[in-house]
Amino acid sequence: MQKYSFFSLVKNALSNHENWDLAWKDPTPKKEYEVVIIGGGGHGLATAYYLAKEHNITNVAIIEKGWIGGGNVGRNTTIIRSNYMHDDNGLFSEFGMDLWRRMSQDLNYNVMFSPRGIINLAHSDAQMNTYARRGNSMRLNGIDAVLLNREEVKEIIPMADFSENVRFPIYGGLMQPSAGTARHDAVAWGYARQADDMGVDIIQNCEVIGFDVSAGKINGVRTSRGDIKAKKIGLCVAGSTNILAEKLNMTLPIETHLLQACVSEPVKPVLDKVVTFGAGHFYISQSDKGEMVMGGDLDGYNSYAQRGNLPTLQHVLTEGIAMMPFLSKLKMLRTWGGIMDMSMDGSPIIDKTHIEGLYLNCGWCYGGFKATPASGWTFAHTIAQDRVHELNSGYSLNRFNTGHLLDEKGLGTKTWIS
Amino acid sequence: MLYIKCPHCGMRSQNEFSYGGDATIKRPELGKEISDQDWDNFVYNRKSLRGKHWELWQHISGCRQWIKVERDTATHEIFKTLKANEEISL
Amino acid sequence: MTQSFRLESGGLINRDKKISFKFNGKNYFGYEGDTLASALIANGVHLIGRSFKYHRPRGFFGAGVDEPYAIVQLYRNGETEPNIKATEQELFEGLEAKSVNCWPSVNFDVGAINNFLKIFLPAGFYYKTFMWPKSFWYKIYEPFIRKAAGLGTASIKHDKERYEHKYEYCDLLITGSGPSGLASAYSAAKNGAKVILAEDKSRFGGTLLTSDVNIGNQSGKEWADSIVSELKEMSNVTVKNRSQVFGYYDHNMLVMSERISDHLPETKKYHPKQRLWYIRAKEVLISSGSIERPIVFGNNDTPGVMLSSAAKEYMKVYGVLVGKKPLVFTNNDSGYETAIEFKKNGVDPIILDTRKEPHSEIIEEAKNMNIDIKNSYVVVAAQGYKKVKSADIAKISDDKEELGSVENIKCDCICVSGFWTPTIHLASQSGNKTKFNEEIDAFVPGTSKQNEKTLGAANGIYTLEETLKDSFEKGNQLSKEITNIDNKVSFPNVVEKKSTVHDKFWCVPLPKGKNYKRFLDFQNDVAVSDIEIALKEGYRSIEHVKRYTTLGMATDQGKTSNLNGLQLVSKIENKVVPAVGHTTFRPPYSPVSIGAIVGREVGKHSKPTRKSPMHSWHEKNNAVFVDAGVWLRPRYYKRGDENLFEASKREAKNVRTNVGVCDVTTLGKIDIKGPDAAELLNRVYTNAWLKLPVGKARYGVMLREDGIVMDDGTTTRISEDHYHMTTTTAQAANVLSHLEYYLQLVWPDLNVNVVSTTEQWAGAAIAGPKSREVLKKLFPNSDVTNEGLPFMGYMEGDLFGVKAKIFRISFSGELAYEVNVESDYGYFMWEKIIEVGEEFGIQPYGTEALSTLRIEMGHVAGSELDGRTIPYDNSLEGLISKKKDFIGKRSLSRKAFAAEDRQKIVGVVPLDKKTSIPEGSHLVKDSNAPLPNPKLGYISASCWSVEHDNPFSLAILKDGKNMIGEKLFVMSPLKNKIIPVEIVSSHYVDPKGERVRS
């Protein structure tokens with residue numbers, strides 16, 4: 001494979017950029033694979049990459065209904081963090097942070113991982129205590145966390161509202177300095193390019209119509225481009241999980257919801273941290289292009305429409321101005337909607353299923369993007385070894401039955417309350 | 001913003017309502033033995049399909065009645081609304 | 001400065017009113033009615049900014065919302081706004097603007113070095129490099145890239161402008177006041193329909209302002225003026241200029257932003273800067289017209305290259321010449337109209353027409369005016385760096401593949417017309433699946449999805465007569481169905497010049513040996529070669545192309561670039577355009593102020609503030625408040641220079657020794673009435689409720705169906721069928737909805753009514769060993785002795801003439817009462833309590849002391865009931881009835897919930913009895929264990945025990961039941977603290993609960 005570097009860029013420039021290789025090919029599906037991954041999003045592509053790289057399984061197909069990277073990996077707010085309270089979430093995400101830190105080099109694709117730090121603002125002593133509980137848990141798990149007081153927050157983000165005319169004054173915040181952002185599309189493309197190079201077939205415009213299951217075992221998948229046999233199939237289709245589950249006669253602890261995000265027009269650098277509001281649900285960061293990238297609450301009803309309504313954004317941006325009043329004079333340039341797998345405790349599922357050879361990766365709620373490498377890595381392990389790894393042992397499907405829940409927010413099953 | 005016909009009050013904007021999820025889930029009878037699976041199906045498991053979806057809304061800033069709404073989860077089109085005591089015909 | 005490019009006469013500007021303004025520090029003049037763009041062009045200024053990536057010089061490309069280039073930093077009334085389109089900004093006295101994305105100046109921009117490096121910076125170059133050494137990305141490369149990008153500068157000052165919202169309903173919303181908008185609005189208005197007509201620009205009329213047509217023996221503009229003035233007189237019509245409908249949302253909800261003050265030097269007092277309209281329309285007529293699209297050729301981003309329709313608009317509307325030696329490059333008849341306009345104003349244009357032998361009325365007219373027309377000619381490249389100086393032109397073969405010999409002709413502007421792209425954004429946002437119209441080589445709306453119809457040019461109809469006919473008819477027909485009135489408007493006589501078909505040509509091939517950049521997206525510097533690279537590398541989906549190259553992602557959102565991008569992809573991929581498909585159109589149509597979206601809910605008003613009726617008393621008595629949800633509650637009452645710790649300790653101590661009073665108005669209160677009220681409570685709470693006597697209260701815990709504690713509180717039986725429930729402050733609304741859910745949907749057979757009475761009652765908790773003495777003074781006529789009003793008893797009393805409810809309940813663990821009166825008497829009650837309590841040493845206490853009191857008693861609150869704990873965890877398992885079923889009971893038998901070593905609440909005391917334990921710390925066995933150090937539990941609440949005079953905390957601890965007496969460590973790495981502690985019972989004070997019964 002052509003290696004990307006400054007020198008390759010110069011070399012290709014001198015040949016008028018006519019000799020660049022395909023980043024990935026466009027193969028016709030074979031009749032059978034060792035493993036089929038359904039879903040060409042970040043998690044599916046990462047899974048295929050780690051199957052090949054860590055487990056030497058390269059006879060793999062990724063089948064994607066539309067174009068790769070078109071799901072939530074292409075429509076998120078690019079935040080990467082491991083600031084979780086529960087051990088299962090924290091240790092899993094921190095494992096992922098390590099993968100993020102070396103991703104550009106591992107993939108030979110600049111995913112622009114930018115560990116600029118995230119600050120969760122607190123607006124009361126009670127909230128400071130809640131954050132302390134989380135931050136201490138992180139520290140005891142070996143994850144970096146700092147509790148900032150009001151003055152310290154002011155020094156770092158003076159544009160937040162420290163005025164008298166504020167409804168919820170800032171008391172302080174919990175910061176994870178190593179958290180950050182990355183260029184979301186690049187993550188999908190980088191994984192795709194390497195997976196393709198190791199022999200994985202990336203098959204786009206290929207929709208799953210049904211499954212071939214007999215005697216409790218999976219045998220293959222029926223697609224719009226023909227039947228494909230495989231003894232192992234991994235489902236990686238956050239946003240469409242319920243649809244595929246129905247084809248498998250499964251009902252899952254997941255609801256499908258709509259989440260909007262928006263960006264402002266690009267402006268010169270003004271904010272170099274990811275910041276979240278504590279008296280509501282709003283988060284913001286500034287992209288390398290200069291756009292303020294903002295998000296918040298779900299639209300609040302089951303939806304598969306990648307289109308939301310303005311009152312939700314109004315609500316989100318109201319909290320934005322409450323946190324950083326200067327946003328008022330910026331203009332909202334672009335909005336979009338993504339479809340979330342909202343699990344019933346807010347944490348994901350990476351597990352085997354009652355069908356032999358069928359593996360499940362879903363329920364990522366708002367947090368799928370940051371989990372891309374760790375999810376791919378553990379899912380690949382689960383598929384290759386036919387057993388869950390310690391890192392994803394907390395993400396079992398039957399935790400809802402046993403009560404070993406991972407509810408970071410304590411909101412329970414009403415996923416639409418965010 | 002959705003425009004929902006409250007069977008008691010008429011057409012009202014969505015911001016008067018709060019959402020209540022799948023309307024076809026039936027709470028098991030009190031005091032009745034029930035399997036783990038059935039209980040999980042009630043508490044956690046949801047079909048949440050693309051297309052027509054019967055769901056609950058409460059007219060929280062209006063008559064405070066819970067209502068049943070048939071809505072398309074792909075287009076958001078609303079087909080029908082029912083009072084709490086009216087049965088859904090699937 | 002003289003306005004050397006201003007025509008002697010003509011245009012719609014007010015030449016009697018001169019307006020002075022500043023651009024890049026230099027003073028200029030324009031006229032009232034100018035935009036910043038027209039005024040700058042009039043003054044001969046063509047260099048406005050620099051492009052995003054290569055920092056190439058940028059001028060003007062359009063005359064309105066589609067402008068990709070002329071982005072400025074605006075200064076108005078002491079404030080500054082980034083990224084203002086000069087073509088949209090109306091001129092006002094004292095306006096100041098500056099170029100963006102250039103340093104040190106627009107004329108000499110260091111960033112322009114990128115222009116020379118451009119061969120090394122193709123699409124996606126940043127994905128392929130900046131990876132070594134590893135740490136350099138974040139420390140060096142990224143800051144550099146971030147600084148280079150970003151257009152204007154955001155001020156971090158708070159916005160002092162005001163924005164408003166308006167909600168409106170109408171029969172017909174019409175978006176755009178061109179011919180189709182006016183005709184449809186007029187016929188609908190005549191039928192009595194409630195019509196809103198929205199025009200984005202300051203002037204009504206759309207293309208009628210610039211086209212040479214005649215309607216009903218008037219010029220297009222006269223006709224538009226007369227229709228608009230008639231509409232304005234009609235009470236059923238709202239006509240709005242400077243109002244852009246930018247989003248089409250679900251169920252025919254559209255949102256419009258009205259720019260009320262942006263064209264003024266400052267916002268008038270009591271006026272908003274902008275107003276956002278949420279409009280629910282029965283029918284929507286989309287009359288948003290079309291945008292001319294460019295033809296792509298070499299260096300087509302040079303200042304002076306602009307849309308031919310814009311050149312015409314600058315002449316006809318603003319009386320401004322965009323150049324004195326114009327070249328018109330066209331593939332259709334529109335370019336001729338611009339050329340004719342130049343000629344009429346005494347300027348000789350040259351037309352290059354890609355077509356071989358076109359014939360039409362318009363072309364004839366141009367010929368008759370002796371305009372120089374070159375057929376089968378194209379512009380190969382513009383020459384000149386900061387302004388067009390000349391053009392390389394060539395003949396092109398019939399198959400449009402071969403160029404003839406290149407010649408250079410002098411010109412100072414190149415007006416391009418590549419035909420028209422319907423503005424289908426709103427239709428597409430409504431969910432309408434667009435279709436490709438081969439004839440016009442562009443997408444038009446397909447079948448209506450919501451109640452939207454698209455008219456005129458937005459629907460690909462480019463003749464005036466057809467447009468008017470269709471629009472009059474649609475307006476009449478749709479309104480008739482709503483109003484049942486049919487006042488047909490007679491169709492006016494229309495005179496327009498006929499045009500002929502356009503040439504489906506959009507990109508000029510490169511001449512041999514030349515490597516000109518041919519731009520598609522002008523702001524983001526996306527050229528033909530970038531798309532070629534993307535496709536070569538396998539980024540083949542149109543979404544991949546867009547994301548890899550950033551085509552159409554600039555602030556103009558690709559209004560002039562997207563279709564040409566599609567043409568290019570379809571050509572290279574050998575697909576038809578509709579098979580390539582376009583990316584999704586999403587709101588907003590053009591960028592909208594975040595301030596306008598948010599409206600008035602800013603600053604203190606970003607969320608409502610709820611205050612108890614006694615709030616002003618608290619204020620007068622030095623209360624320091626704390627937010628409890630949206631409520632404000634006194635946290636402590638400051639005496640002298642006490643701090644929080646000292647004050648709360650004093651207040652708590654006074655409750656333990658004398659008596660205190662606390663405002664508990666914020667607690668949720670629900671009135672429950674009906675013969676089945678007890679049965680409802682019995683199903684909702686975990687404990688038994690059927691036998692609660694009248695006049696008695698009981699503490700209850702309710703669960704969610706998943707077994708997690710939802711809320712706790714006391715409920716009192718007021719009379720046979722009447723109960724008064726209290727909830728926590730935080731859960732009040734949720735509990736009411738919860739009860740309504742079960743009553744209306746699950747158990748409709750229960751005959752019970754519930755209603756919130758939180759606002760109806762003001763509440764005061766009177767607590768402490770002397771509280772009974774206070775009660776006696778407050779209610780001299782009631783028997784409040786231990787026998788007359790025992791623990792958990794209830795009675796009504798007369799508080800100096802005010803009816804009061806008296807509950808003997810306690811959160812503090814002391815002998816205590818809660819008194820409720822109707823809210824209006826709350827202040828009176830409070831004053832009386834303080835007055836009669838004085839002799840017993842009464843002091844008000846805030847939430848902090850309240851917290852201390854409950855913690856040392858081991859009473860749970862929000863920090864334990866955090867949505868993750870079950871009754872057992874809170875030592876509330878005694879309240880779980882074994883005999884009956886209740887909401888959530890089935891979940892409690894789950895494995896993790898029933899585990900032997902399940903977490904449980906305990907007390908924690910530091911071994912040294914001195915060191916305070918920070919809340920949010922964790923309990924570990926070994927403070928030196930390697931990370932991750934297993935956590936056994938966490939500190940949920942801490943206080944200074946006033947009873948024992950040492951720190952005390954509550955913790956939720958794994959296997960808490962068997963941990964009493966154990967020594968563990970509290971760790972707070974955040975605060976760098978390791979504290980050896982002993983685990984004790986959570987009931988640190990009065991474990992037998994004798995005081996409350998005393």
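Axes here are lines fitted to C-alpha atoms, for helices over the stretch in contact, and angles run from 0 to 180 degrees between N-to-C directions. Helices (H or I, at least four residues) and strands (E, at least two) are DSSP runs, numbered from the N terminus.

Welcome to this structure. It is a predicted model, in which local features need pLDDT of at least 70 and side-chain atom pairs count only at pLDDT 80 or more, while totals for chains, interfaces and linings use all residues. Residues are numbered from 1 along each chain as its sequence is written, chains are lettered from A and ligands numbered from 1 in the order in which they are written, and side-chain values use heavy atoms, with hydrogens and water left out.

Two packed helices are described by the angle between their axes and the distance between the axes.

| Helix pair in chain C | Angle between axes | Axis distance |
|---|---|---|
| Helix 5 (residues 179-190) and helix 11 (residues 464-483) | about 30° | 7 Å apart |
| Helix 5 and helix 6 (residues 220-233) | roughly 35° | within 10 Å |
| Helix 18 (residues 644-657) and helix 23 (residues 847-857) | about 60° | 8 Å apart |

Let us begin with helix 5 of chain C. A crossing is left-handed if the near helix is turned anticlockwise from the far one by less than a right angle, and right-handed if clockwise. Helix 5 of chain C passes helix 6 of chain C in a left-handed crossing. Contact means heavy atoms within 4.5 Å, and here Leu182(C), Ala183(C), Ala185(C), Tyr186(C), Ala189(C) and Lys190(C) of helix 5 of chain C meet Trp223(C), Ala224(C), Ile227(C), Val228(C), Glu230(C) and Leu231(C) of helix 6 of chain C. This contact of helix 5 with helix 6 of chain C holds 10 nonpolar, no polar and two charged residues. In these classes Ala, Val, Leu, Ile, Met, Phe, Trp, Tyr, Cys and Pro count as nonpolar, Asp, Glu, Lys and Arg as charged, and the others, Gly among them, as polar.

With helix 11 of chain C, helix 5 of chain C makes a right-handed crossing. The residues in contact include Ala183(C) and Tyr186(C) of helix 5 of chain C, and Phe472(C) and Gly475(C) of helix 11 of chain C. By class, the contact of helix 5 with helix 11 of chain C has seven nonpolar, eight polar and no charged residues.

Helix 18 and helix 23 of chain C form the remaining pair in the table, and they too pass in a right-handed crossing. Their orientation is therefore oblique; angles under 35 degrees count as roughly parallel, over 145 as roughly antiparallel, 65 to 115 as roughly perpendicular and the rest as oblique. Among the residues that meet are Glu651(C) and Arg656(C) in helix 18 of chain C, with Leu853(C) and Glu856(C) in helix 23 of chain C. Six nonpolar, two polar and four charged residues make up the contact of helix 18 with helix 23 of chain C.

## Strands and sheets

Two strands pair if DSSP finds at least two bridges between them. In chain C, five strands form an open sheet with mixed pairing, in the order 2-1-7-5-6. Strand 2 (26-32) and strand 6 (79-85) of chain C are its edges, each pairing on one side only. Within the chain, strand 1 (residues 14-23) and strand 7 (residues 95-99) of chain C pair in the parallel sense over three bridges, and Phe23(C) has Ala97(C) of strand 7 as its bridge partner.

Chain C also has an open sheet of six strands in the order 42-43-44-41-35-45, again with mixed pairing.

In chain A, strand 9 (residues 208-214) and strand 10 (residues 217-223) run antiparallel and are joined by six bridges. Their hairpin has two residues between the strands, and Ala215(A) there takes a positive phi near 50°.

## Where the chains meet

Chain A and chain C meet through 125 residues of chain A and 115 residues of chain C. The area buried between them is about 10,400 Å², with 56% given by carbon and sulfur atoms. Buried area is the accessible area (1.4 Å probe) that two parts lose on being put together, summed over both.

Between chain C and chain B, 27 residues of chain C are in contact with 29 residues of chain B, and the buried area is about 2,400 Å².

Chain B itself has one helix and six strands, following the pattern β-β-β-α-β-β-β along the sequence.
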